[in-house]
Structure formats: structure tokens, C-alpha cells
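Hi,

Here is the structure we talked about. My notes on it follow below.

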Amino acid sequence: DGTAWPEGPCIIVRVAPDGDDTNDGSSWAVAKRTVQAGIDAAAEAGGEVWVKAGTYAERITLRTFVHVYGGFAGTETDLSDRDPTNNLTIIDGQGARRCVYAGVSMTGVLLNGFVIANGSAPSGPGGGLFAESGAPQIRNCTFQGNSGGCGGGVCGSGYGSDLAECVIIGNTASDYGGGVFSYAGSTRLASCTLSNNTAREGGGAWISDSIAQISGGTFD
């Protein structure tokens with residue numbers, strides 16, 4: 001009927017280490033406790049998840065039309081007020097599990113402002129993050145100390161990988177791509193730092209059957 005709908009997000013869900021998953025996350029005072037609970041709640045209508053600084057020992061699955069932001073002190077009322085550098089927000093795999101998974105054919109997905117650490121997929125793809133036939137936008141994240149069969153830090157298949165302003169350091173793979181492994185689709189690495197990653201082939205990155213766009217950044 002010509003009505004102009006407001007810009008999103010539809011909802012904002014807050015998460016804090018001292019929260020409770022029975023809360024609705026509508027304010028910091030009633031934050032949820034786990035990142036996954038925040039993602040699932042935001043996925044009902046599409047929206048954002050704001051995550052307070054701390055360590056979250058969990059494996060998260062990203063959802064369509066959900067943007068997940070770390071780096072909050074737990075008092076902010078505007079997204080621009082967060083400080084990921086000083087408010088470290090860590091997804092910790094504890095050497096026992098993959099940290100982040102993005103499923104098939106996902107759209108409108110963003111992960112921004114997290115440290116992804118100690119993820120493990122011993123014989124599989126992506127100890128830190130595995131994007132299966134989808135290309136979530138990964139921005140301003142650090143992948144450190146993760147391990148996998150292919151893509152110790154990040155593995156993207158089907159649609160490749162889309163990373164910008166990320167640090168990928170000290171990750172290992174038993175086969176290909178210690179830092180990044182990307183197969184098929186389009187791979188983008190913009191202003192990323194890849195350092196001290198190891199693998200049988202392609203310590204920093206192994207990109208196969210993909211259109212690669214690499215700009216800026218450092219490889220060593």
C-alpha cells in the first residue's frame with residue numbers, strides 16, 4: 001500500500017556471561033547467557049545479537065538474517081559505541097570442538113568483532129569456522145590457535161570465504177590451508193593479516209577452484 005517500512009534490524013538481542021538464557025535479551029539487564037541462544041532468538045524475526053566481553057565456551061551456528069557483534073562493555077545503547085579492541089569477546093572451542101558453523105545457502109549473515117580461539121576439527125574442515133556452501137561476512141575477527149584437517153582457522157566451501165580486517169594467526173591444518181582453506185565459489189580476503197599458520201600444503205592459505213580477490217593485508 002506504499003507504506004515505508006523502517007530499516008532493520010527487527011530486534012536486538014543482548015548476551016552477557018552473567019545473563020540467563022530464560023531472559024529475552026531485550027536489554028542488558030535481561031541479557032541471555034549464551035551466544036547461541038541470542039542467535040536463535042534473533043533468527044525468529046531477523047536482527048542483531050550484541051555480545052558482552054567475556055569468554056563463551058560453546059560452538060555456535062550462524063543463522064540467516066542475523067548479524068552477530070562482539071566487543072560490548074554491557075552498557076551501550078548504540079552499535080557504534082562498542083569497542084572490540086578493549087572488550088575482547090571470545091568464542092573458545094577449548095580444543096574439543098569447532099567454534100563457528102555456517103550452514104548451506106545462508107544469506108544476510110555477519111560475524112563481527114570476535115576472537116575465535118582453540119577450535120578443533122581434527123579430520124574435518126574449519127576448526128575455527130566452517131562455512132558450508134555459504135559465504136557469511138566475517139569482519140574484524142581474530143582466528144587464533146585453531147586446528148583442522150583443512151582450514152585450521154577458516155574453511156569455506158561452495159561459495160568460498162568473505163573476510164575483511166581479520167587476523168588469522170597460529171592456526172594449523174593437517175592437510176591444506178593452515179589459516180584459510182577455500183574451495184569453489186569466490187574468495188575475498190581484504191586487509192587481513194595471516195601469520196604463523198602451518199599446514200602440509202598452503203600454510204597461510206590454500207585456495208582451490210575459486211575466484212580469489214586479495215587486497216591489502218600481510219602474509220608471513
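**Cavity, sheet and core**

The structure holds one cavity of 30 Å³ or more. A cavity here is a set of points, on a 1 Å grid over the protein atoms alone, where a 1.4 Å probe fits but cannot get out. The largest cavity has a volume of about 40 Å³, taken as the space filled by probe spheres set on the points. Eleven residues line it (an atom within 4 Å of a point). Closest to its centre are Leu-129, Ala-131, Pro-136, Ser-161 and Asp-162. β15 gives the largest share of the lining, three residues.

This is a predicted model: local features need pLDDT of at least 70, side-chain atom pairs count only at pLDDT 80 or more, and totals for chains, interfaces and linings use all residues. Residues are numbered from 1 along each chain as its sequence is written, and side-chain values use heavy atoms, without hydrogens and water.

Next, the sheet. Six strands (DSSP E runs of at least two residues) form an open sheet with parallel pairing, in the order β4-β7-β11-β15-β19-β23. Pairing takes at least two DSSP bridges. β4 and β23 (205-208) are at the edges with a single partner strand each, so one side of each has no neighbour in the sheet. Four bridges join β15 to β19; Cys-155 has Phe-181 as its bridge partner in β19.

Last, the core. The largest nonpolar core has 35 residues. Such a core joins buried (under 20% relative accessible area, 1.4 Å probe, protein chains only) Ala, Val, Leu, Ile, Met, Phe, Trp, Tyr and Cys residues through side-chain atoms within 4.5 Å. Val-35 and Phe-143 are among the members that touch the most others.

Best wishes

Note on methods. Buried means under 20% relative accessible area, exposed over 50%, partly exposed in between (1.4 Å probe, protein chains only). On a 1 Å grid over the protein atoms alone, a cavity is a set of points where a 1.4 Å probe fits but cannot get out, and a pocket is an open set with protein on both sides within 12 Å along at least five of seven lines; lining residues have an atom within 4 Å of a point.
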